[in-house]
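Welcome! Please take a moment to look over the sequence and the 3D view below, and then we can walk through some of the details together.

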Amino acid sequence: MLIETDTHTHTVSSGHAYSTLQENARAAKAAGIRLMAMTDHAPTMPGAPHIWHFGNLKVVPRQIEGVGILRGVEANICDEQGHIDIPDDYLNMLDIVIGSFHEPVFAPSNSAVHTQTLERVIASGKVDIIGHPGNPNFPIDINAVVQAAAQHQVLIELNNSSFISSRRGSESNCTAIAEAARDFGAYITLGSDSHICYTVGQFKECLAILEHVGFPPERLVSTKAEKLLKFLSKRGKTHLSEFNFL
Ligand SMILES: [Zn+2]
Ligand SMILES: [Zn+2]
């Protein structure tokens with residue numbers, strides 16, 4: 001299956017990542033990616049950039065090395081109410097927002113708490129993607145979260161780095177998540193979660209899971225840049241007509 005988008009990449013701005021935006025874009029191009037989201041960690045994460053990083057993304061060209069660049073963030077889920085660490089007036093400037101649990105910001109609790117929190121995040125309308133929901137440190141009621149995502153048209157991420165460098169033990173959860181998404185009508189996006197350019201656009205492990213569960217390709221937004229843009233437009237994102245050159 002051909003993949004045209006990568007909705008989760010980090011640059012040196014994240015502190016514990018090692019490539020520039022240009023290096024990531026070049027790697028994306030080599031991997032056949034047409035549209036890449038830069039999604040550095042939001043300010044609550046140790047080492048993350050100041051909020052001004054996100055306010056100044058307008059200086060980032062729409063196209064670098066021939067690849068479309070979505071201006072994004074990987075926001076932290078901060079509390080059980082589902083608040084994230086990006087103020088509303090900044091959200092309006094961003095093309096794509098991932099919401100994720102990270103251990104330094106949200107101490108792992110139990111499945112009931114994680115599930116209810118994700119349901120609140122999804123219902124808030126502030127995030128477009130739930131990041132790495134298969135993390136074994138944050139167990140969830142998979143059916144409940146996936147059904148909520150389907151209902152509110154929020155993307156479920158399959159995160160390739162969960163299988164190669166972080167969050168060990170994610171495979172069985174991610175398989176169950178892909179099965180639930182298949183059955184409940186949810187949409188999936190692929191994110192490399194690259195912290196260095198060499199993994200941008202690499203989705204071998206994610207694609208194996210999707211094939212294993214027989215996920216319908218029409219609900220994988222990553223197969224066409226236009227499909228992802230259309231999904232984000234429906235979620236109310238403006239400025240996306242600036243990608244008409246794709
Ligand atoms: Zn993350
Ligand atoms: Zn990440």
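With which residue does Asp-183 form a salt bridge? The partner is Arg-182, and the closest N and O atoms of the pair are 2.8 Å apart. Please keep in mind that this is a predicted model.

**The zinc ion (ligand 1)**

- The zinc ion (ligand 1) has three residues listed as its protein donors: Glu-74 through OE, His-102 through NE2 and His-132 through NE2, lying 2.2 Å from the ion.
- Along the chain, the donors of this zinc ion (ligand 1) follow the spacing E-x27-H-x29-H.
- Glu-74 sits in strand β4 (residues 67-76), while His-102 belongs to the loop between β5 (96-100) and α4 (111-124), so this pair ties together parts that are 28 residues apart in sequence.
- Glu-74 counts as buried, at 0% relative accessibility, and His-102 is buried as well, at 6%.

- The zinc ion (ligand 2) is coordinated by His-8 (NE2), His-10 (NE2), Glu-74 (OE) and Asp-193 (OD), at 2.0 to 2.2 Å.
- Glu-74 coordinates both metals, and the zinc ion (ligand 1) and the zinc ion (ligand 2) are 3.4 Å apart.
- What arrangement do the four donor atoms around the zinc ion (ligand 2) make? The arrangement is irregular, because the angles they subtend run from 80 to 168°, whereas a tetrahedral site needs all angles between 85 and 135 degrees.
- In sequence, the donors of the zinc ion (ligand 2) are spaced as H-x1-H-x63-E-x118-D.
- His-10 lies in the loop between β1 (5-6) and α1 (21-30), and Asp-193 lies in the loop between β8 and α8, so the two tie together parts that are 183 residues apart in sequence.
- His-10 counts as buried at 0% relative accessibility, and Asp-193 is buried with a relative accessible area of 5%.

**A look around His-8**

- You will find His-8 in the loop between β1 and α1, where the residue is buried with a relative accessible area of 0%.
- The side chain of His-8 makes a polar contact with the side chain of His-10 at 3.2 Å, and another with the side chain of Glu-157 at 2.7 Å.
- Beyond its neighbours within four places in sequence, His-8 is in contact with several residues, including Glu-74, His-132, Glu-157 and Asp-193. Also among them are Ala-37, Thr-39, Ile-98 and Asn-159.

**Helix α4**

- Helix α4 has 14 residues and reaches 20 Å from its first C-alpha to its last, close to the 20 Å expected at 1.5 Å a residue.
- Which residues of α4 are buried? They are Val-113, His-114, Thr-115, Thr-117, Leu-118, Val-121 and Ile-122.
- The cover over these buried residues of α4 includes β6 (129-130) and α5 (142-152).
- At the start of α4, a side-chain oxygen of Asn-110 comes to within 3.1 Å of the backbone nitrogen of Ala-112.
- Just after α4, Gly-125 takes a positive phi of about 75°.

**Salt bridges**

- How many salt bridges does the model have? The count comes to eleven.
- Arg-62 and Glu-242 form a salt bridge whose closest N and O atoms are 2.8 Å apart. Arg-62 is in the loop between α2 (52-55) and β3 (63-64), and Glu-242 is in the segment after α9 (225-234), so the pair ties together parts that are 180 residues apart in sequence.
- Within that pair, Arg-62 is buried with a relative accessible area of 11%, whereas Glu-242 counts as partly exposed at 37%.
- Arg-167 is buried, with a relative accessible area of 17%.
- Coming back to the opening pair, Arg-182 counts as partly exposed at 28% relative accessibility.
- Finally, salt bridges that share partners join Glu-4, Arg-34, Lys-224 and Glu-226 into one network.

Conventions: Residues are numbered from 1 along each chain as its sequence is written. Chains are lettered from A and ligands numbered from 1 in the order in which they are written. This is a predicted model: local features need pLDDT of at least 70, side-chain atom pairs count only at pLDDT 80 or more; totals for chains, interfaces and linings use all residues. Side-chain values use heavy atoms; hydrogens and water are left out. A salt bridge is a side-chain nitrogen of Lys or Arg within 4 Å of a carboxyl oxygen of Asp or Glu. Helices (H or I, at least four residues) and strands (E, at least two) are DSSP runs, numbered from the N terminus. Buried means under 20% relative accessible area, exposed over 50%, partly exposed in between (1.4 Å probe, protein chains only). Donors are N, O and S atoms within 2.8 Å of the metal (3.2 Å for Na, K and Ca); water is not among the atoms, so sites may look incomplete. The expected span of a helix is 1.5 Å times one less than its number of residues. Contact means heavy atoms within 4.5 Å. A polar contact is a pair of N or O atoms within 3.5 Å; within protein, one must be able to donate a hydrogen and the other to accept it, and residues adjacent in sequence count only if both atoms are side-chain atoms. Four donors count as tetrahedral if all angles lie between 85 and 135 degrees; four count as square planar and six as octahedral if opposite donors are over 155 degrees apart and all others between 65 and 115; anything else is irregular.
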